Amino acid sequence: MICLAAPGAAMAQAVVPPDDASPSAGPPGGGVPTESLGASSDADMWRAVRQGVEGQVSIPDKQAGVLIQSDGEVWRVVRNGPVTFYGGMAVIGIVLLLALFFLIRGRVRVEAGLAGVTISRFNGLERFSHWLTAVSFLILAFTGLNVMFGRYLLKPLIGAQAFADITLAGKFLHNYVAFAFMAGLVLVLVLWIKDNIPNRYDLVWIGKAGGMLSRGTHPPAKKFNAGQKVIFWLVVLGGLSVSLSGISLLFPFQTAFFSKTFEAVNLLGFDLPANLTAMQEMQLSQVWHGVVALFLVIVIIAHIYIGTIGMEGAFDAMGSGRVDLNWAREHHSIWVEELERKGALDPRPAEDAETAETAKPQAAS
Ligand code: HEM
């Protein structure tokens, strides 16, 4: 048992710093019968307590012998300070930036006009994998953002009790939906990795900003252009990192990802602390999880913008799985040429009446 309220002998029985905690530590277990600290002084013990030295406690959880952990205060200040503040600003910033971009550039249109003919872009498995990843990510994002910002934004609106109920439900959802996200991530990785290896067209695409800034510019691209490859790798690597840190939060004190990572990084000549305590591991995992997740939220807001209102014809790729031929020619010209060469284009009249009506027949060759 640990008793903070009763200093002196009772405390000493509960928490006894290890023998090497101080140079003046007495004989192991106390050298003088009837005095639990033996030859060591109260001051030595309290200094060790203040320094977070893991004391010897009689209960099985030895970590409970750490009574003061200053890193906890650092973690709290960082988490509730810069992470929350700058993270919140960045989320608002990307929304404002996209709104501004939309006002200036408008929707990226299919400049040749819709062909009224569609070709297959993503099959059922690809779309299932995308939406599994997407829907689970959105649930994780909203429930996670609530944990970080809910007390400032939601609680004043709905009251403490309703906020507590929603946050508790959100916590369970977050913990379980995480597994669906990880499954989606694996599927997306396996299905699309071959199309996301950088190639020689990517630099040209980046040089021309994908044609997003000026009309009439359509840099060539295979199935995925450089911008999409960036999204893919950020989702895969960011998703992996957020998953690993999430696992260490879900199963507390069982992992040592940071110690192991720092150990590996130190091989490159760095001097990072590689002997972290289990509590420090948890604190780093928590901050890292929040920062990487916020970064992914920002990336995905931009992705959702371009997949919906930002670009005409883009949503169909993940909706019906079929895209307008002229859209495909403008955004993925090499991919279309490759399909044509293989005789795998599979063109069909657009089912959407509006698309078919507004189509420019000459454009679909
Ligand atoms: C919920 C709103 C979302 C919409 C409307 C949406 C829409 C789309 C569309 C239309 C594409 C295909 C683009 C093409 O034809 O090349 C796509 C691709 C992709 N999506 Fe989403 N998506 C959403 C959410 C997400 C989320 C939450 C993730 C991951 C966390 C994600 C990850 C991806 C990836 C990795 C690709 C392939 C690379 C790329 O095209 O950027 N999407 N999405």
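This is a predicted model: local features need pLDDT of at least 70, side-chain atom pairs count only at pLDDT 80 or more; totals for chains, interfaces and linings use all residues.
**Overall make-up**

The protein has 14 helices and 3 strands. Of its 365 residues, 37% are buried. If you take contacts between residues at least 6 apart in sequence, 76% of them join residues at least 24 apart.

**The iron site**

Let's start with the metal. Which residues coordinate the iron atom of the ligand? His130 and His303 do, each through NE2, at 2.0 Å. The iron atom has 6 donor atoms around it, and the angles they subtend run from 85 to 179°, so the arrangement is octahedral.

Are they buried or exposed? His130 has 15% relative accessibility and therefore counts as buried. His303 is at 31%, so this one counts as partly exposed.

**Around the ligand**

There are 22 residues around the ligand, and the ones that come nearest are Arg121, His130, Gln228, His303 and Ala317.

| Residue | Ligand atom | Distance |
|---|---|---|
| Arg121 | oxygen | 2.6 Å |
| His303 | nitrogen | 2.7 Å |
| His130 | nitrogen | 2.8 Å |

As for secondary structure, the elements giving two or more residues to this shell are α4, α8 (226-250), α10 and α11 (315-319). Helix α4 supplies the largest share, with 6 residues. By class, the shell has 16 nonpolar residues, 5 polar ones and 1 charged one.

**Helix α13 and Trp335**

Now for another helix, α13, which spans residues 333-342. Its buried residues are Ser333, Ile334, Trp335, Val336 and Leu339. What covers them? The cover includes β1 (117-120), α7 (200-207) and α12 (325-331). Background for reading that pattern: an α-helix has 3.6 residues a turn, so residues three or four places apart point the same way. Just after α13, Gly343 takes a positive phi of about 70°.

Trp335 sits in α13 and, at 7% relative accessibility, counts as buried. Leaving out residues up to four places away in sequence, Trp335 touches Ile119, Ser120, Arg121, Ala221, Lys222, Lys223 and Ala328. Trp335 and Pro220 lie 115 residues apart in sequence, yet their C-alpha atoms are 8.8 Å apart.

**A buried lysine**

One of the residues touched by Trp335 is Lys223, found in the loop between α7 and α8. Is this lysine buried or exposed? Lys223 counts as buried because its relative accessibility is 13%. Apart from neighbours within four places in sequence, Lys223 is in contact with Arg121, Phe122, Glu126, Asp195, Gln228, His332 and Trp335.

**Leu234 on helix α8**

Back on α8, we find Leu234. With 28% relative accessibility, Leu234 counts as partly exposed. Leu234 touches Gly239, Phe295, Leu296 and Val299, again not counting residues up to four places away in sequence. The C-alpha atoms of Leu234 and Leu296 are 7.5 Å apart, while the two residues are 62 apart in sequence.

Which residues other than glycine have a positive phi? Phe253 is one of them, with phi near 65°, and Asp346 is another, at about 55°. Both sit in loops: Phe253 in the one between α8 and α9 (257-266), Asp346 in the one between α13 and β3 (348-349). Phe253 counts as partly exposed because its relative accessibility is 39%. Asp346, at 34%, likewise counts as partly exposed.

Conventions:
Residues are numbered from 1 along each chain as its sequence is written. Side-chain values use heavy atoms; hydrogens and water are left out. Donors are N, O and S atoms within 2.8 Å of the metal (3.2 Å for Na, K and Ca); water is not among the atoms, so sites may look incomplete. Four donors count as tetrahedral if all angles lie between 85 and 135 degrees; four count as square planar and six as octahedral if opposite donors are over 155 degrees apart and all others between 65 and 115; anything else is irregular. Buried means under 20% relative accessible area, exposed over 50%, partly exposed in between (1.4 Å probe, protein chains only). A residue is near a molecule or strand if one of its heavy atoms lies within 4 Å of it. A polar contact is a pair of N or O atoms within 3.5 Å; within protein, one must be able to donate a hydrogen and the other to accept it, and residues adjacent in sequence count only if both atoms are side-chain atoms. Helices (H or I, at least four residues) and strands (E, at least two) are DSSP runs, numbered from the N terminus. Ala, Val, Leu, Ile, Met, Phe, Trp, Tyr, Cys and Pro count as nonpolar, Asp, Glu, Lys and Arg as charged, and the others, Gly among them, as polar. Contact means heavy atoms within 4.5 Å.
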